[in-house]
Amino acid sequence: QAYNCLIHFYKRPRYPSITMAATDLENQTQAQSGKSPNNAEASPSKKTDESPADQKARALAALSTGKRHLLVQDIPAAVESLGEACGLMSVEFGEKAPECAEAYFYYGKALLEMARLESGVLGNALDGVPEEGGDADDSEVEEPEKVTEEERTEVEDKVDEALEENFEKCVKAKTTCLSKNSKNDGVSEKSEDQEDEEMEDDESQDGETGEANADKKAAKSETDSVEGESKEVEDAAAQLDEDDPSNLQLAWEMLDLAKMVLTEQLEGEKNTEVKTTIEKDLCETFLTLGEVSLENENYVQAVEDLSLCLDRQKASLPSDSRSIAETHYQLGVALGFHMKFEEAVVSLEAAIAVLDARITNLKSKTESPDETKKENIFHTREKEIAEIESLIPEIKEKITDTNEMKDESVRKVAEMKEQIGFGSSSSSGAGS
């Protein structure tokens, strides 16, 4: 199953070679000091046994720390702490235990934020780079059609001058070469003794050259060996990176695992209050799964998860809940990307309707309680009204964008139909 592979993934050491190297170094140090590395007291791999209560406390501390990092937008630290919490809790309670659902959810959410962070960094790095096939500005290359007649004449004159100058240099070089050959022909031959001495000198030089070449070959072989080992290490690291799933994929798997745990827990729960809490957590999980699919451009899956989330929220939450408005908005965005523009506009307008109802209830002091604002001592009805009123124009702008996307899609379809019709009529005319 997917969650088995996932748990094994975040429990395995990310850099095993570094860990092994550190262990070997410590073992060597202990051996030099007279201690046995296999001794239970001296072994670095031997940890003190923790009681279940200590392990549970450490897991809960990692979960709390990760949630705090996520709240202050320290995403890398949140991913590290929440991943540790998932590993500890899965070992302590079991992979499908209800106690693990919260850690799975927040770890998946942190991984989603990490993927968004990486996507933003990549977008900033590519900012200003022209797309392939786009109108790139190349000042060194001019289009021939834009060159005037005077510029064309000037270029031709410069080319002619360069060719004449190059031809003169070639003639001079050929003359010099011929004169040197004529001088060499007049030189007298050397005597036999001089030739013998030169042959002996050449032999001695050849011997020295052979030794130097042998040294060079040995040094080159050592260099090639080192480079080969380095290349193998780089290839192994690259293969490990390719095998690791992306943050988006891992986020999806963690959230899907949380959904499975919560669904099983909800089916077996009898307490009404507990069931309400589980239902709320399950709706948040569906919503975040939809956001992951949106980031991954899997719009079919996003629409499915967000629709399930909306149905559950309408059945369990008050009609003026801002959570319902948020899901309406996310569903409208997913439907727009899925080319279902009319449904997208309907969903976005439904989000505005929920927010308008919320404003009306806030003004009459009959609004439903918002759990997210419960512990905020600075929350007031006036602040919430102002906050909602600032959100409505953004949703209206999204509706305008969706309608523009629809008009653009209709225009492209009409152009394609026109081109196909034009091609068929042309071919029929040619045949007649």
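Reader: Which residue does E387 form a salt bridge with?
Author: R322. The closest N and O atoms are 3.1 Å apart. Keep in mind that this is a predicted model.

Reader: Where do E387 and R322 lie?
Author: E387 lies in helix 13, residues 381-431. R322 lies in helix 11, residues 322-337. The pair therefore ties together parts that are 65 residues apart in sequence.

Reader: Is R322 buried or exposed?
Author: R322 counts as buried, at 17% relative accessibility. The cut-off for buried is under 20%. E387 is partly exposed, with a relative accessible area of 33%.

Reader: Which residues are joined with E387 and R322 into one network?
Author: D320, R358, K373 and E384.

Reader: How many salt bridges does the count come to?
Author: The count comes to 18 salt bridges. Among them is the pair K96 and E264, at 3.4 Å from N to O.

Reader: What does the pair of K96 and E264 tie together?
Author: Parts that are 168 residues apart in sequence. K96 lies in the loop between helix 4 (75-93) and helix 5 (101-125). E264 lies in helix 8, residues 247-268.

Reader: And how accessible are K96 and E264?
Author: K96 is partly exposed, with a relative accessible area of 38%. E264 also counts as partly exposed, at 40% relative accessibility.

Reader: Back to helix 13. What is the distance between the closest N and O atoms of E408 and R411?
Author: 2.3 Å, and the two form a salt bridge. E408 and R411 are three residues apart in helix 13, so about one helical turn separates them.

Reader: Why do residues three or four places apart point the same way in an α-helix?
Author: An α-helix has 3.6 residues a turn, so such residues point the same way.

Reader: What about accessibility for E408 and R411?
Author: E408 is partly exposed, with a relative accessible area of 33%. R411 counts as partly exposed too, at 38%.

Reader: Switching to helix 8. How many residues does helix 8 have, and how far does it reach?
Author: Helix 8 has 22 residues. From its first C-alpha to its last it reaches 32 Å, close to the 32 Å expected at 1.5 Å a residue.

Reader: Which residues of helix 8 are buried?
Author: The buried residues include N247, L248, L250, A251, M254 and L255. D256, L262 and L266 are among them as well.

Reader: Now helix 3. How far does helix 3 reach?
Author: Helix 3 covers residues 52-71, which is 20 residues. Its span from first to last C-alpha is 29 Å, close to the expected 28 Å.

Reader: Which residues in helix 3 are buried?
Author: A59, A62, L63, G66, H69 and L70 are buried. They cover an arc of only 125° around the axis, which puts them on the same side of helix 3.

Reader: What does the face turned away from the buried side carry?
Author: The exposed residues A53 and L71.

Reader: What follows helix 3?
Author: Q73 follows helix 3, and its phi is positive, near 65°.

Reader: Which value does phi take at E297, and where does E297 lie?
Author: Phi of E297 is near 60°, a positive value in a residue other than glycine. E297 lies in the loop between helix 9 (272-295) and helix 10 (299-316). E297 is exposed, with a relative accessible area of 59%.

Reader: And M339, what is its phi?
Author: Near 70°, again a positive value in a residue other than glycine. M339 is found in the loop between helix 11 and helix 12 (341-363). M339 counts as exposed, at 51% relative accessibility.

Reader: At what angle do helix 11 and helix 12 pack?
Author: About 165°, with their axes 8 Å apart. Helix 11 and helix 12 are therefore roughly antiparallel to each other. Helix 11 passes helix 12 in a left-handed crossing.

Reader: Last one. What about the packing of helix 9 and helix 11?
Author: Helix 9 and helix 11 pack at an angle of about 25°, with axes 11 Å apart. That makes helix 9 roughly parallel to helix 11. Their crossing is left-handed.

Technical notes
Residues numbered from 1 in each chain as written. Predicted model: local features only at pLDDT ≥ 70, side-chain atom pairs only at ≥ 80, totals over all residues. Heavy atoms only, no water. Salt bridge = Lys/Arg side-chain N within 4 Å of Asp/Glu carboxyl O. Helix = DSSP H or I, 4+ residues; strand = E, 2+ residues; numbered from the N terminus. Buried < 20%, exposed > 50% of the residue type's maximum accessible area, 1.4 Å probe, protein only. Expected span 1.5 Å × (residues − 1). Arc of directions from axis to C-beta. Axes fitted to C-alpha atoms, helices over the stretch in contact; angles between N-to-C directions. Parallel < 35°, antiparallel > 145°, perpendicular 65-115°, else oblique. Left-handed = near helix turned anticlockwise from the far one by under 90°.
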